[in-house]
Amino acid sequence: PKSSKHAFIEGKNVSVSLSVEVNKPKDNGVLSYQWFESDNEVAGNGTKIENATEKTYKTELSDSGNKYYYCVVTNTNDKATGEKTVSVFSAVAKIEIEQLFELTFSCVGEGSLTVFGGEDGTRTVRDGSEGKIRIKIGADLVFIAKPKNAWEIEKWEGKATISEGNIKTAQMKIEKAEDVEEVVVVNFRKIQKKGKLGIIAVRV
């Protein structure tokens, strides 16, 4: 089985599939399989997984951290003159699960809001829509707001900090899980046209 890395978001399980490759026995024996879960990368001291007796083992993981799996493959030949069963251990597969979080961001009015620094690359929402981006603890996010013609930025909402001297840009450091609970919103508004004052001539 091969080691792999996966991203875990709370409330969404991670599907993992492991397979072992074994050559057909030269003595035409019958192969059987038993999967084990271990606390480390050493095969032989793991816990047997009930009903995991196929060449491929599939499971759902619901928390972050490292998991270790291996398979014991047994060749049974009742017609053998000597030992009738022989077992071998597979390599240990390390499954790394990293917890990610989803941050919601949106814009109100006509314009776009783009966020950089998430696990999914750059994400953009437009004209009153809402989006989500996957992030991990320690991420440095940058938001860029672009109002359409005849629109301007009215205000930002959420924990993002507006850049000094540039209301179109904001930053956010993800230091703990609670930082992603509040939605980042930029509000656009129409630019108000200033009326012209008429000059009235008065004859005396």
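What percentage of the 204 residues in the chain do buried residues make up? The legends below start with that.

**View 1. Burial and surface of the chain.** Buried residues account for 35% of the 204 residues, where buried means under 20% relative accessible area with a 1.4 Å probe and protein chains only. This is a predicted model, in which local features need pLDDT of at least 70, side-chain atom pairs count only at pLDDT 80 or more, and totals for chains, interfaces and linings use all residues. Residue numbers run from 1 along each chain as its sequence is written, and side-chain values use heavy atoms, leaving out hydrogens and water.

**View 2. Strands and overall extent.** The chain has 16 strands and zero helices, counted as DSSP runs (strands E, at least two residues; helices H or I, at least four). Its C-alpha atoms fill a box of roughly 135 × 30 × 20 Å along the principal axes.

**View 3. K67 and its surroundings.** Here we zoom in on strand β6 (residues 65-76), which holds K67. This lysine is buried, at 18% relative accessible area. Beyond neighbours within four places in sequence, K67 is in contact with E37, L61, A93, K94 and I95, contact meaning heavy atoms within 4.5 Å.

View 4. With a disulfide taken as a pair of cysteine sulfur atoms within 2.5 Å, the count is zero.

Conventions:
Buried < 20%, exposed > 50% of the residue type's maximum accessible area, 1.4 Å probe, protein only.
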